[in-house]
Amino acid sequence: MSLIVAFSGCNTLKKVGDEELLLTKNTLYADEEKITDSDIRSLIVQKPNSTVLGYPLRLNLYNLAKDNPDSLFENWLQRKDKREKRLNNLLSRKQVERLKESFLVSGASEFLKRIGEPPVVIDTVLTNKTVGRLEAYYNSKGYFNNSGSYEIVEGKRKKRAQVAYKIDLQKPYIIDTVQKNIASPQLDSIYGITSSASFVKAGEQFDLAKFNLERERLTTLFRNSGVFNFQESSINYDISRDTSLVADDQGMDVQLNIERPRSVNDTSATDNVYKVHRFKKINIFPDYLIGGNPDSLQRVEFENYTILYNDKLNYRPKALTDAIFFEKDSVYRDLDRIRTYRQITNLNTFKYPNIEFIQDSTQTHLTSNIYLAPRPKFSLNLNFDVTHSNIQQVGTAFSATVVTRNVFGGAETLNVSARGSIGLLSDASLSDETFTSEIGGDINITFPRIWFPLNTEKIIPYYMLPQSRLLLGTNFQRNIGLDRQTLNTILSYSWSPNNSLKHGVELLNVEFVRNVNPDNFFVEYRNTYRTLDDIADDFQDDPQFEDFFEPTNTVVDPLRLSIPEGTTAFTEGVLNNQIPVSDEQRDEVNSVEERRQRLTENNLIFASSYTFSKNSKAGINDLDFYQYRIKLESAGNVLSLMANVFPYNENDNGQLLVFGVPFSQYLKTEIDFIRHWGIGNSSVIAFRSFMGMAVPYGNSDNIPFVRSYFAGGSNDNRAWNAYELGPGSTENLNDFNEANFKLAFNLEYRFPIAGDVKGALFADAGNIWNVFDSENNPDAIFSGFSSLEDIALGTGLGLRYDFTYFVFRVDAGFKTYNPAREGSDRWFRGYNLRNAVFNVGINYPF
């Protein structure tokens with residue numbers, strides 16, 4: 001190990017000259033106080049080489065590159081007599097020249113330099129530049145008498161040093177008075193109403209950032225108060241020191257100046273003053289053609305809007321005017337312009353709009369021309385995917401969607417989708433089939449408004465981008481589960497009050513699940529079958545039960561229960577006390593039968609839900625943000641209330657039946673929180689927490705499989721495969737382990753390695769449990785805080801490649817704490833590469 005460290009140290013300094021010092025750290029002090037603020041530290045010009053877990057990987061990759069690879073090759077060629085001659089005879093002179101220019105000789109070095117990082121050697125020119133930046137920064141904060149310096153502190157290890165920057169702040173300057181000089185009387189009146197909200201106030205310390213914020217505030221204020229042409233450059237400040245004060249007083253006088261507008265091509269102010277504008281006329285061009293003849297357009301007047309079109313108006317006038325937030329005689333507001341752009345884009349039937357504003361001669365009235373270019377009426381989207389899962393070795397999926405825009409003339413969008421897939425089963429030892437298949441289709445129509453009998457415009461105005469969605473879908477699966485058929489109907493609404501908030505309501509979500517081949521249960525759920533078959537092994541030599549079994553091709557287990565005749569007969573015999581087994585075995589057979597009945601019965605889910613989400617992310621490059629989602633769902637209550645009006649049939653368990661199927665009744669809630677912290681050098685710490693619970697009641701004593709929770713997989717606890725973890729402290733109890741209560745916590749450190757290659761270290765914790773349902777296995781039930789010891793922990797590392805539009809990732813997870821084991825065996829058992837779980841995914845898991 002010491003040899004490796006020594007080699008690493010030598011390689012790090014390989015390209016650092018004898019008179020040079022490698023920068024290892026920067027420290028910054030202001031009046032002896034250490035500064036850790038990332039914004040201030042970003043002013044430092046020279047930063048140490050990047051590291052991966054403390055190791056300067058990119059520096060050492062750079063050091064591996066040869067400075068003059070072609071010269072080195074030439075020296076090697078001439079080092080021995082006749083070497084060049086022999087190589088020329090073997091390859092030819094031209095090929096030897098090409099070898100010198102090849103990737104192996106020079107290309108490899110260029111590649112290492114490109115992905116690597118040259119050593120950061122302390123440069124006093126750059127340190128002085130940093131001092132200047134720091135002084136300028138503190139000047140902007142009112143410390144006009146500050147002075148900066150730096151000190152190079154050599155380290156104990158040779159050719160290494162740190163730089164300590166020190167700023168002596170002195171006494172800050174304070175704003176004594178704030179006065180105004182506004183050329184426009186109308187702007188002066190608007191400013192007076194909101195002057196108390198100013199960022200620049202008397203008695204506060206001078207801060208240039210607040211002056212910039214005030215300029216932005218005033219620009220937004222005026223543009224939203226009718227002054228559509230207001231220019232931020234019209235705002236400036238005169239700042240002076242009151243010479244009548246004592247010499248050591250740090251007081252300043254500030255005067256706000258708002259000048260006249262400037263001409264487009266001239267920096268001087270015009271003779272005009274800013275005025276408040278109102279809309280005189282609003283024209284909408286729904287099928288605008290560049291270069292078209294405006295005189296040939298037809299027109300329709302609708303609610304003070306003029307719609308001009310070519311041959312035929314393909315849109316209902318109200319569908320167009322509802323997307324426009326300008327009104328005749330109303331004051332211009334920049335906010336209305338932004339909302340108009342958003343809503344027109346939200347219609348999904350026009351390309352990005354062009355909005356023009358024209359002043360009249362009085363410069364107080366505006367004519368707005370809104371030019372819209374329709375997108376194609378029809379479009380076709382095709383998708384092809386290759387998948388892999390714990391069920392399929394490999395699968396292929398194909399889907400096609402026909403998009404029809406403006407279906408009914410109100411900017412509605414109709415999507416008609418068809419999809420199909422085929423896959424090779426991972427284990428077909430108990431099945432005659434080796435392939436799975438799936439086919440399905442959806443009809444999905446979206447309305448750019450709330451489609452509801454009552455008028456909701458006052459509660460949810462159009463600027464909130466309201467949408468209604470009606471979906472009808474069906475799906476047919478073969479050899480996935482029990483050859484399932486699904487019918488689904490959804491009526492949902494969504495709206496966004498602003499860019500960060502979103503509300504979603506599923507007024508109606510009806511799902512009918514029919515299991516076509518319930519006799520295949522023990523074929524598909526093999527762990528459950530093996531549990532039953534192991535109990536039956538004690539009776540395979542008894543002649544009275546010989547019809548229950550069928551021969552196998554193995555010596556270890558020559559007989560097994562036949563499916564479904566043998567499994568059905570054996571289960572009935574045990575539960576009817578006709579086959580003598582122990583109490584423990586009888587309980588296990590009863591548990592198997594209850595699970596079989598639950599998973600083979602058809603499901604009718606009649607649910608409604610509400611989802612609220614908030615995302616503070618400002619843009620794609622924002623590395624410091626949070627987002628959370630809260631969902632409440634209720635199922636079966638409407639059908640339960642209708643039982644007082646319509647007489648329902650009942651099954652043997654007393655459950656009410658609708659179309660011969662017991663409907664599900666439950667309450668479900670989910671809370672999902674994500675937080676990202678940017679920690680410099682493009683590194684990020686990402687955290688996620690999730691809690692979900694679904695409680696059955698009334699007509700149900702369990703949650704349908706399709707609405708239950710599972711743990712494990714590429715977006716959950718990556719040390720376990722999907723459906724493999726839990727519930728509770730059980731281990732691989734079933735083929736698809738699921739429950740109705742889930743906790744999950746994920747922490748991931750993401751860091752750059754080289755170029756677009758990034759790395760990650762992660763820790764995933766969580767599990768699933770049963771609670772308030774029909775489960776009777778205590779190891780699978782959440783019984784209070786003591787059950788938190790069943791939270792599994794997986795740790796691992798991952799590699800990501802950033803393709804800009806998406807991220808491809810590979811994660812390796814290791815079972816760090818496995819609650820299915822006992823005592824100390826829970827920790828670090830199987831913590832090796834052989835037992836690692838590898839996950840491949842697209843984009844980050846959270």
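1. A cavity is a set of grid points where a 1.4 Å probe fits but cannot get out, and a residue lines the cavity if it has an atom within 4 Å of a point. The model discussed here is a predicted one. In this model, the largest cavity is lined by Arg 484, Val 513, Asn 515, Arg 598, Leu 599, Glu 601, Asn 603, Phe 705 and Val 706. Two elements, β19 (501-515) and α16, each give two or more residues to that lining. The volume of the largest cavity is about 70 Å³, and its lining has four nonpolar, two polar and three charged residues.

2. How many cavities of 30 Å³ or more does the structure hold? There are five. The second largest cavity has a volume of about 50 Å³. Its lining includes Ala 711, Asp 716, Lys 742, Phe 745 and Asn 767. The elements that supply two or more residues here are β29 (741-754) and β30 (757-769). Strand β29 contributes the largest share, five residues. By class, the lining of the second largest cavity divides into six nonpolar, four polar and two charged residues.

3. Pockets are open, unlike cavities. The second largest pocket holds about 1,200 Å³ of space and is lined by 40 residues. Nearest its centre lie Ser 591, Glu 594, Arg 595, Arg 598 and Ser 774. At least two lining residues come from each of α14 (526-536), α16 (583-600) and β26 (661-662). Helix α16 gives the most, with nine residues. The lining is made up of nine nonpolar, 21 polar and 10 charged residues.

4. Glu 738 pairs with Arg 595, the closest N and O atoms being 3.5 Å apart. Because Glu 738 lies in the loop between β28 (684-696) and β29 while Arg 595 is in helix α16, this pair ties together parts that are 143 residues apart in sequence. Both Glu 738 and Arg 595 are buried.

5. In the salt bridge between Glu 738 and Arg 598, the closest N and O atoms are 2.9 Å apart. Here too the loop between β28 and β29 meets helix α16, so parts 140 residues apart in sequence are tied together. Glu 738 has a relative accessible area of 6% and is therefore buried. Arg 598, at 19%, also counts as buried, since the cut-off for buried is under 20%.

6. The structure holds 34 salt bridges. One of them joins the side chains of Asp 322 and Lys 318, at 3.2 Å from N to O. Asp 322 is buried, with a relative accessible area of 14%, whereas Lys 318 is partly exposed at 39%. Elsewhere, a network of salt bridges links Arg 718, Glu 748, Arg 750, Asp 764, Arg 800, Arg 809 and Asp 811.

7. On the surface there is a nonpolar patch with about 1,100 Å² of accessible area together. Its members include Tyr 801, Phe 803, Phe 808, Leu 833 and Ile 842. Strands β32 (807-817) and β33 (837-842) each supply at least two residues of the patch, and β33 gives the most, with three. Phe 803 is located in the loop between β31 (792-802) and β32. Its relative accessibility is 41%, so Phe 803 counts as partly exposed.

8. A last point concerns Ser 616, in the loop between β22 (603-615) and β23 (625-635). Ser 616 is partly exposed, with a relative accessible area of 28%. From C-alpha to C-alpha, Ser 616 and Arg 675 are 9.8 Å apart in space, while 59 residues apart in sequence.

Notes. Residues numbered from 1 in each chain as written. Predicted model: local features only at pLDDT ≥ 70, side-chain atom pairs only at ≥ 80, totals over all residues. Heavy atoms only, no water. Patch = residues over 30% accessible without salt bridge, like charges linked within 9 Å, V, L, I, M, F, W, Y side chains within 5 Å. Areas by Shrake-Rupley, 256 points an atom, 1.4 Å probe, with all protein chains shown as cover. Salt bridge = Lys/Arg side-chain N within 4 Å of Asp/Glu carboxyl O. Helix = DSSP H or I, 4+ residues; strand = E, 2+ residues; numbered from the N terminus. Buried < 20%, exposed > 50% of the residue type's maximum accessible area, 1.4 Å probe, protein only. 1 Å grid on protein atoms, 1.4 Å probe; cavity = no way out; pocket = protein on both sides within 12 Å on 5 of 7 lines; lining within 4 Å. Points joined across faces, edges and corners; volume = space filled by probe spheres on them. Nonpolar A, V, L, I, M, F, W, Y, C, P; charged D, E, K, R; others polar.
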